[in-house]
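Me: I'd like to learn how to read strand pairing in a model. Can you walk me through a case?

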Amino acid sequence: MTQLLSVSKAVRLAGVSRRKLQKKIGSGELSTFEGKVRIEDLLRVFPRVDLDADPTLEQIAQIKSKSKPMFDWQQRDPPSAEILLRRLQTLSSLFLQTQRALDQNSELLKLAVNKLDVLSRDGDLGEIAQGKISTLFEQLSRQQSELDAQQDQMLEAQNPADTKQQRHSHNKAVLFTKNLLMHIIAPSVQIIPSGHEFLIEGGDTVLEAATRSGLNVNYGCNDFKCGGCKARLISGQVVETRTPGYKLSAHEKKMGYVLMCCNTAITDLTLEAGEAASPRDLPEQTLETHISGLQQLNEDTVLLHLRSKASDNFRFLAGQKAVLTLADGMSMTRSIISCPCDGQNLYFVAHRGSGDEQTGQFYQGLQLGAKVELVGPKGEFCLQNMSTNPSLFIADDAGFSPVKSLVEHAISIERIKGFELYRQGSKSSPSFYHNLCRSWQDAFENFNYINPQPDVSAQDIAAQIMRDHPDPAKFDVYIAGVRPFADTIKNALLAHGFPAKRLRVEVMEDEIF
Ligand code: FES
């Protein structure tokens, strides 16, 4: 029986990065069938796959946990016994149906082979007809022997693997079993029309799993009442795990609509759902939050953790900003430094400022527990939608916040082929920035961190980028920093031939160090 795996599952089962797997697909080494991969092909392309270790995924999990604080929702519970039982029941009935169909087909094949055998010896038939029947008989007999041999191999694979052939069979059986287990503990979801994929782990709803994977699927509330997360179930089965306040109409139910925030998967799913592709797809939101953490990054800079009520989520795209207003009316626009996969815990950097009265007062007003109103999201400095191009991120200290958010989001969605970060630091830069970039570099083979000497000029950084990349056409470029820095780099790269449509620039007018 041919086992077709979604790309997410193939990545997880083979223990390689999505980027590595997609590279093999792109080069034609690994075939796909309607976006899916066969277990046999996976083993052919990754024959040395270590079925116990999952180093790349560990790296990604590590960097995600290092780069972001651990939130309550990340310590998630396993799926409930009821959900596991439903998945198990569905899987076993699927197996029974498949087994029945296989047995019937095998019987039919045997019958056809026997009939052909008799016919091939029938003297009443002409020589040509007899020859053709003999050829068909041989072909079908061969097919039957191959099927029998495959079954024998699967049985042999349960014994310790010695020969190359046995090792292959053993790996195939282990992958097959792991895939079955994943149906139970982490069903996969494919969203159409975007083709994005993710796994549902623990007791997550479809919506929780999608946002955790960095996808910006449509939703509108956190108390199951708005209907904004409606999606159409194209294939698979779901089960309700939360009681919806929104009632789907009879027509919507007939069309297969479900609420992603109230359902989890029983089997692998295909869902038709809307996703925010640009800032224009997101509504403006106002959110009540409080200061839940203040971490001093250096004498004049603080990392600010805002937390909203459990029922409120702030939707934004990586790289965007929000307006923060304190109870005394003091207000600042700041870039969100965290990833959009958690809309309840938002992080910003605030500076004491250099003589600017408003900045100073805002900084002084930051006290643990203080209420902060959040309005946004604002800004258009986001990742190029659906692009898989290698990307250059270039930031000074002021531009580090949006660039950190972009890089973390790019890590979450694992779509970009390669990243390079050129960071202009200074002697007073928070060491947190440098350490974080170093940890990305250590964790990802496709991430390169270039950190020139402190206070090197923007001109020199631009010259280094041009030396490092004599062929600029293939890159997406993201530049963030104070105006002189951003303009100098942008103008130099445009003159060097970087395509303007692939270059995004964020001038940090309000966020000067
Ligand atoms: S997000 Fe509001 S009902 Fe699902």
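Predicted model: local features only at pLDDT ≥ 70, side-chain atom pairs only at ≥ 80, totals over all residues.

Me: In which sense do β5 and β9 pair?

Reply: Strands of a sheet pair through backbone hydrogen bonds, either parallel or antiparallel. Here β5 (residues 230-235) and β9 pair in the antiparallel sense, over three bridges. Strands are DSSP runs (E, at least two residues; helices are H or I, at least four), numbered from the N terminus, and two strands pair if DSSP finds at least two bridges between them.

Me: How many bridges join β3 to β9?

Reply: Four, with β3 (residues 188-192) and β9 (residues 269-272) running parallel. V189 has L269 as its bridge partner in β9.

Me: In what order do the strands of the open sheet come?

Reply: The order is β4-β3-β9-β5-β7, five strands with mixed pairing. At the edges are β4 (197-199) and β7 (257-259), each pairing on one side only. Neighbouring strands are turned by 35 degrees against each other on average, direction ignored; axes are lines fitted to C-alpha atoms, for helices over the stretch in contact, and angles run from 0 to 180 degrees between N-to-C directions.

Me: Which helix packs on this sheet?

Reply: Helix α1 (residues 7-14), touching β3 and β4, where contact means heavy atoms within 4.5 Å. The direction of α1 makes about 50 degrees with that of β4.

Technical notes: Residues numbered from 1 in each chain as written. Heavy atoms only, no water.
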